Amino acid sequence: MTQTPANAAASKDGMEPPLCELPITIADGGFYHGFNKLVSVSSKVIVSALILWTILFPVQAGETLAEANATLIREFAGWYVYLVAFVMLVALVLALLPQSGSLRLGAPGEEPEFSRFSWFAMLFGAGIGVGMLTYSTGEPLAHFAANPDTIRGVVDPVTAETVSSAYRYTFLHWGFAAWATYALVGLAVGYVAYRRGLPLTIRSSLAPLFGLRMSGFWGHLVDLVAVVATVLGVAVTMSFGVEQFVAGLNRLGMGDWLLNDAGTASAAAIVIALVVLVGASTLSAISGVGRGIKWLSNLNMALSVLLLAVFLLFGIGLGGITLLLTSIENYLLSLPADALTLYTADGTQTGDALAQWQLDWSVFYWAWWIAFAPFVGMFIARVSRGRTIREYVLGVVLVPSLMCFIWMALAGGTSIELVLDGSDGGAIMAANISDQLYATLDAMFDSGIAAVLSGLVVVLLTTYLITSADSAILIVNTINGAGNDTGGDNEKGAERRHHILFWGAAIALVVGSMLILGGTDAIQITMILGALPFSLVVALMAVSILKAVIFDVRRKRDGVETHCPVILADAAAKADGNAT
């Protein structure tokens, strides 16, 4: 298939119209009807091989992953650190420059599909739900005990003086770095989809760089890498969620069999939790986005606000607002230096400890956000049509970051306050990270109220886990389906349901086998390695969106149409429909 020109005439300096078609081969019948066979089959083989390896050869798998953690991850730590810094810079430049910031993800004058409030609500639920429940207390407490300032001896651990640095590094991980990564991936996909009519899939984002080569093998490879990264990224989220889900059931008196001797989820509890949670998410995915994800997302928002109100009214109170504001100021002032800092093991106790801290925290987070980016980025792209680049980038980066900061300040600040005044009896710091939120509630209230609120956390965690896995399954099917996100309500419904069932089972088996093999550490290591190929795609996406925007600015200056005919035709049809 050949390129369809957006404008028959090029500019005087030879500026050509943008690429308007990116044909992707899909099966026109059989089990893979509507899917790209190469991407679909290859991704299933890779994920299945990983599952079988960990189940059949657990000792070898554990040793190999440990070796990878000791060598490859250290070798690529700098790559992750500088890549995320570059992504933040690109997103900022595109948003703030007048020429690029005014470009719209859609036809000229096209209005956004969703109101700003609804859009912000969907952004909030897209990438932070499960993580907030685990890390809103867990991360501030972890950095309260050890962070680069305590390692260097600048402040003593677990003291009031450590709170500032604890939140500096907490906000570093949950702030602009995460959301700029999501924003850039979503922008690179949405820009070419809504201005040029290309398929809403990862490979399309590289068409400004590589053109029609993305229709063939290299495009298949990009989508394959995105699928594998998505599965491993959501597996990390599910693993933390399962551990906290089981810890919550134990707090509610469901039985000591739920935990093993190390205080983490037992094998039996992991299996039962995954059957319930992934089973529900798979059924939700089969039911379709409108019937499944929509009402769960509304419930998530309501329960989240209620839980935040508990910490504001009965926890740290107005002190949380002060902590929030001072921590944001400290974060913004230190961000340029912290984003570019790379610690290296130099054989000294301090140097080695700093390097290990960065591997355990920053490098892990950068890889997690990159692995999660195909899923969250494509979701954000789907709900952001009609917005300008400036509104899109600032909305996606600033609002969810602020929500993360509020959660960390109120929930984590309450935990730290209880630790400092000793009213928790040492229980919070002694608890496993998955149990620290429940330990905080136990220290705040008597057993009856604490049990009710712990039940609320379990319900909220359940809905977040279901919507996360549900959305991830649908995004994987969208990538495999060459950008077609049609659910089970068309002639390909039966085939798509089979693939939804496969990916639901695959995610459950990846999480279960890895948790039983080596706990959350095993999944984290696997995810960091799995995210490495997609990190190269993210780097290329940053260059690609820069090229696409720069060329469109030049086309606009020279009077060459920057939108493709299919986009203009759709806009005209909508205008005619509204007029009648």
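Q: Which helix gives the largest share of the lining of the largest cavity?
A: Helix H16 does, with four residues. The model is predicted: local features need pLDDT of at least 70, side-chain atom pairs count only at pLDDT 80 or more, and totals for chains, interfaces and linings use all residues. Residues are numbered from 1 along each chain as its sequence is written, and side-chain values use heavy atoms, without hydrogens and water.

Q: What makes a space a cavity, and how many of 30 Å³ or more are there?
A: On a 1 Å grid over the protein atoms alone, a cavity is a set of points where a 1.4 Å probe fits but cannot get out. The structure holds three of 30 Å³ or more.

Q: What makes Asp338 a lining residue of the largest cavity?
A: A lining residue has an atom within 4 Å of a grid point. Asp338 is on the list, with others including Val81, Tyr169, Ala339 and Trp366.

Q: Which helices each supply at least two residues of this lining?
A: H9 (163–174), H15 (318–340) and H16 (349–382). Helices (H or I, at least four residues) and strands (E, at least two) are DSSP runs, numbered from the N terminus.

Q: How does the lining of the largest cavity divide by class?
A: It has seven nonpolar, three polar and one charged residues. Ala, Val, Leu, Ile, Met, Phe, Trp, Tyr, Cys and Pro count as nonpolar, Asp, Glu, Lys and Arg as charged, and the others, Gly among them, as polar. Asp338 is in the lining, so it counts as charged there.

Q: What makes a space a pocket?
A: A pocket is an open set of points with protein on both sides within 12 Å along at least five of seven lines. The second largest pocket has a volume of about 520 Å³.

Q: Which residues lie nearest the centre of the second largest pocket?
A: Glu110, Glu113, Tyr194, Arg385 and Lys574, out of 26 lining residues. Helices H10 (176–196) and H22 (565–579) are the elements that give two or more residues. H22 gives the largest share, six residues. By class, the lining has 13 nonpolar, five polar and eight charged residues.

Q: How many aromatic pairs does the structure hold, and what counts as one?
A: There are 29. Rings of Phe, Tyr and Trp (its six-membered ring) pair if their centres lie within 6.5 Å; planes under 30 degrees apart are stacked, over 60 edge-to-face, and the rest tilted.

Q: Why is the pair of Trp179 and Tyr182 called edge-to-face?
A: Their centres are 5.1 Å apart and their planes 90 degrees. The distance is within 6.5 Å and the angle is over 60, so the pair is edge-to-face. Both residues lie in H10, three residues apart, about one turn of the helix.

Q: Why is Trp179 called buried?
A: Buried means under 20% relative accessible area, exposed over 50%, partly exposed in between (1.4 Å probe, protein chains only). Trp179 has 1%, so it is buried. Tyr182 also has 1% and is buried.

Q: Why is the pair of Phe240 and Trp368 called tilted?
A: Their centres are 5.6 Å apart and their planes stand at 45 degrees, so the pair is tilted. Phe240 is in H12 (217–251) and Trp368 in H16, so the pair ties together parts 128 residues apart in sequence. Phe240 and Trp368 are both buried. They also belong to a cluster linked by ring pairs, with Trp179 and Tyr182 among its members.

Q: How do you know that the charged end of Lys44 sits over a ring?
A: A charge sits over a ring if NZ of Lys or CZ of Arg is within 6 Å of the ring centre and within 35 degrees of the ring normal. The charged end of Lys44 sits over the ring of Phe502, 5.0 Å from its centre. For Arg554 over Phe551, the distance is 5.5 Å.

Q: How do you know that Gly233 touches Trp368?
A: Contact means heavy atoms within 4.5 Å. Leaving aside neighbours within four places in sequence, Gly233 is in contact with Trp368, Ala371, Phe372 and Met527. Gly233 lies in H12. At 0% relative accessible area, it is buried.

Q: Why does Leu50 count as buried?
A: Its 17% relative accessibility is under 20%, so Leu50 is buried. Leu50 is found in H1 (37–56).

Key: Points joined across faces, edges and corners; volume = space filled by probe spheres on them.
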